[in-house]
Amino acid sequence: MITIQKEDVDILRLIQDAKSKHTGAMSLFIGTVRDDGIEALDFECHLDIAEENLHEIADQAKESFHLVTVDIIHRIGTLSLTDTILVILVTAGHRKEAIEGCSWILERIKETVPIWKKDILKDGHHWHD
Amino acid sequence: MITIRSFARLKEVFGEEKQCSVSEQSTVADALMTLIHETQVPASTIFNDMGNVHAHLIVMLNKKRLTQAAIMEQVLSDGDEIILYPPVSGG
């Protein structure tokens, strides 16, 4: 599953669906909203380009790190403290590919995908860039 | 007539979507300068001191990302869409 959505993510379900006797490693990243003196975070994206980019990143990762499955779910809209923002779940034959592939995907998302976050403060807001 | 779409903090400066009429042989940079004039914001919002688009901004033409050279040289056609992104901050 590779999607951008407002709804929360059923992470346990995602893990269950990705399990396979053909893989020996899963690597999971969950990004959450940290309290940096903010009330909430608001995420905006350019949806069609962003989803296209996520699919390209997943395909590249599968090839480069021999990943078997890649799930990427990024949430948008206003998210409260501790809410889930981003979930990346990958499976591979062995731990090295899984861990490195998951990390590579995360960094690529942060560098290239047209998603933006805005701090919601008590007295206004502030864009990250 | 071309369309210029802006996202995130740039949307708050230029508006989400702007229709701009540009003369024949206008480049992407010309259109961005027209946007600057029409919204009466400092040119430094988009351009640096040397007249180039800030390196941290992303400019796309019909959903294809442009290099700095292409921004200055690419001639526009009627109906083109320019997209202006600030640096991304997802994840």
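Biologist: Why is Glu39(A) called partly exposed?

Modeller: This is a predicted model, and in it Glu39(A) has a relative accessibility of 40%; because buried means under 20% and exposed means over 50%, Glu39(A) falls in between and counts as partly exposed.

Biologist: What makes Lys122(A) and Glu39(A) a salt bridge?

Modeller: The closest N and O atoms of Lys122(A) and Glu39(A) are 3.2 Å apart, and the cut-off is within 4 Å, so the pair qualifies as a salt bridge. Lys122(A) sits in the loop between β7 and β8 of chain A, while Glu39(A) sits in the loop between β2 and β3 of chain A, so the pair ties together parts that are 83 residues apart in sequence. Lys122(A), at 76% relative accessibility, counts as exposed, because the limit for that word is over 50%.

Biologist: How do you know that Arg13(A) and Asp17(A) are separated by about one helical turn?

Modeller: They are 4 residues apart in helix α1 (residues 11-18) of chain A, and therefore about one helical turn separates them. Arg13(A) and Asp17(A) form a salt bridge with their closest N and O atoms 3.1 Å apart, and both residues are exposed.

Biologist: What makes the rings of Trp116(A) and Phe7(B) a stacked pair?

Modeller: A search of the whole structure finds 4 aromatic pairs over all chains. In the pair of Trp116(A) and Phe7(B), the ring centres are 5.3 Å apart and the planes stand at 25°; because centres within 6.5 Å make a pair and planes under 30 degrees apart count as stacked, this pair is stacked. It crosses between chains, from strand β7 of chain A to the loop between β1 and α1 of chain B.

Biologist: Why is the pair of Trp116(A) and Tyr85(B) called edge-to-face?

Modeller: The planes of Trp116(A) and Tyr85(B) make an angle of 65°, with 4.9 Å centre to centre, and because planes over 60 degrees apart count as edge-to-face, the pair takes that name. Tyr85(B) lies in strand β5 of chain B. Trp116(A) and Tyr85(B) are both buried, as is Phe7(B), and ring pairs link Trp116(A), Phe7(B) and Tyr85(B) into a cluster.

Biologist: What makes β2 and β4 of chain B stand at the edges?

Modeller: The open sheet of 5 strands in chain B has the order β2-β1-β5-β3-β4, with mixed pairing. Strands β2 (17-20) and β4 (64-65) each have a single partner strand, so one side of each is left without a neighbour in the sheet. Strand β2(B) runs antiparallel to β1(B), to which 4 bridges join it, and Ile2(B) stands opposite Cys20(B) in β2(B).

Biologist: How do you know that Thr84(A) is buried?

Modeller: Its relative accessibility is 11%, and because buried means under 20%, Thr84(A) counts as buried. Thr84(A) is placed in strand β6 (residues 84-92) of chain A, and the residues that it touches include Asp8(A), Ile30(A) and Leu79(A).

Terms used
Residues are numbered from 1 along each chain as its sequence is written. Chains are lettered from A and ligands numbered from 1 in the order in which they are written. This is a predicted model: local features need pLDDT of at least 70, side-chain atom pairs count only at pLDDT 80 or more; totals for chains, interfaces and linings use all residues. Side-chain values use heavy atoms; hydrogens and water are left out. Two strands pair if DSSP finds at least two bridges between them. Helices (H or I, at least four residues) and strands (E, at least two) are DSSP runs, numbered from the N terminus. Buried means under 20% relative accessible area, exposed over 50%, partly exposed in between (1.4 Å probe, protein chains only). Contact means heavy atoms within 4.5 Å. A salt bridge is a side-chain nitrogen of Lys or Arg within 4 Å of a carboxyl oxygen of Asp or Glu. Rings of Phe, Tyr and Trp (its six-membered ring) pair if their centres lie within 6.5 Å; planes under 30 degrees apart count as stacked, over 60 as edge-to-face and the rest as tilted. Lists of a residue's contacts leave out its neighbours within four places in sequence.
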